Amino acid sequence: MSLKTGLIGLALLVGTWLLYAPMLRHPYLYEDVRTVQQMTTQPPALWPPSSRMVTSWSYALLPADAPTQHAAGVWLHLLNGALVGLLAWRFGVTWWLAAGVFLWHPLAVQAVAYTAQRSELLAATGVLGAILCVLWPPTLWTLVLFVLSLVLGLGAKESAVAVVFLLPLVLLTQDRMDDTWWWLSLTVSAGAVVIGASFVRQFALDTPASALQWAQWQSTAIWRELVGWPFGQAIEHHVADVSRFWQWLALGSWLGVGGLAYVAWQKRWRGALALSWVWLALLPRLLVQTPSSTLTEHQLYLAQVGVALVIAETYS
């Protein structure tokens, strides 16, 4: 590692801690107190495995005070920033810019500060770890890390299911359709699709159709809010408070990102991959959305990896 690389990394580390230092003195947000106290006094069972099991144990293994739990969120965010930088370097784009955009983007604030939603940070760690593993030759160590990353991501939150779409896509860009990783990723993807289909079917049966009708397409509501409130936390809207115009624009914007990614494949595969990352990271949330609220900031955490890669690729 060169001196320049080390200094840039140190600047990103110090800068991130300075940005989030006020949060370390802040009390818990929303339902954080209830969530942390419950998990520290009654740790979850290891079996049967369930979504967010990993997140629950991350509370139980640390003291219940707010500064410690907030600091854990910052360290996880820094780890994810380092993984984003490594991923950008592997793709041949400006690593420090990708890491900096990801670490310092205002949309990351809620995911880092909102202790009850640490699942988004852990899910991103698992997805990034699995993607990085397949970019190296298949060895015993990379296979073990790959499995552990999948367990971490999918055991933290269901949004990590985007990894099953990202894995084949990344291998396709690397022209790796004939090695062990390709067949392993297809096996993982097929299994996840079968399990996911049963989950979506059960969710649809248990949820009134009226609640599902427009709840899927709420992503631009948060983008609209950020025009007026670009920093800090945005307001969560009930579905009924979002007009049909913004609901249709949300669907159109998501489809537009997919269209841009398709067009970009012809000339700039790195930019196309980054746009596809945004598109695929939002896909699970747009298909199965919380009926009572729109897509909120912390749920955009994984998609920000794609945003950071787009900016770094454009600069490169």
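Predicted model: local features only at pLDDT ≥ 70, side-chain atom pairs only at ≥ 80, totals over all residues.

Reader: Which residues of α15 are buried?

Author: Helices here are DSSP runs (H or I, at least four residues), numbered from the N terminus. α15 has 13 residues. Its buried ones are A303, Q304, V305, G306, A308, L309, A312 and E313.

Reader: Which residue does E313 meet in a salt bridge?

Author: A salt bridge needs a side-chain nitrogen of Lys or Arg within 4 Å of a carboxyl oxygen of Asp or Glu. The N to O distance is 2.8 Å, and the partner is R268.

Reader: How many residues apart in sequence are the parts that this pair ties together?

Author: E313 belongs to helix α15, whereas R268 sits in the loop between α13 (244-264) and α14 (269-287). The pair therefore ties together parts whose separation in sequence is 45 residues.

Reader: On to the rings: is the pair of W96 and Y315 stacked or edge-to-face?

Author: Rings of Phe, Tyr and Trp (its six-membered ring) pair if their centres lie within 6.5 Å; planes under 30 degrees apart are stacked, over 60 edge-to-face and the rest tilted. By this rule there are five aromatic pairs. For W96 and Y315 the centres are 5.9 Å apart and the planes at 70°, so the pair is edge-to-face.

Reader: Which helices do W96 and Y315 lie in?

Author: Y315 is exposed at 55%, and W96 is partly exposed at 34%. The pair ties together parts 219 residues apart in sequence, because W96 lies in α5 (residues 95-104) and Y315 in α15 (residues 303-315).

Reader: And which ring does the charged end of R90 sit over?

Author: The test is NZ of Lys or CZ of Arg within 6 Å of the ring centre and within 35 degrees of the ring normal. R90 has its charged end 4.5 Å from the ring centre, and the ring is that of W136.

How values were computed:
Residues numbered from 1 in each chain as written. Heavy atoms only, no water. Helix = DSSP H or I, 4+ residues; strand = E, 2+ residues; numbered from the N terminus. Buried < 20%, exposed > 50% of the residue type's maximum accessible area, 1.4 Å probe, protein only. Expected span 1.5 Å × (residues − 1).
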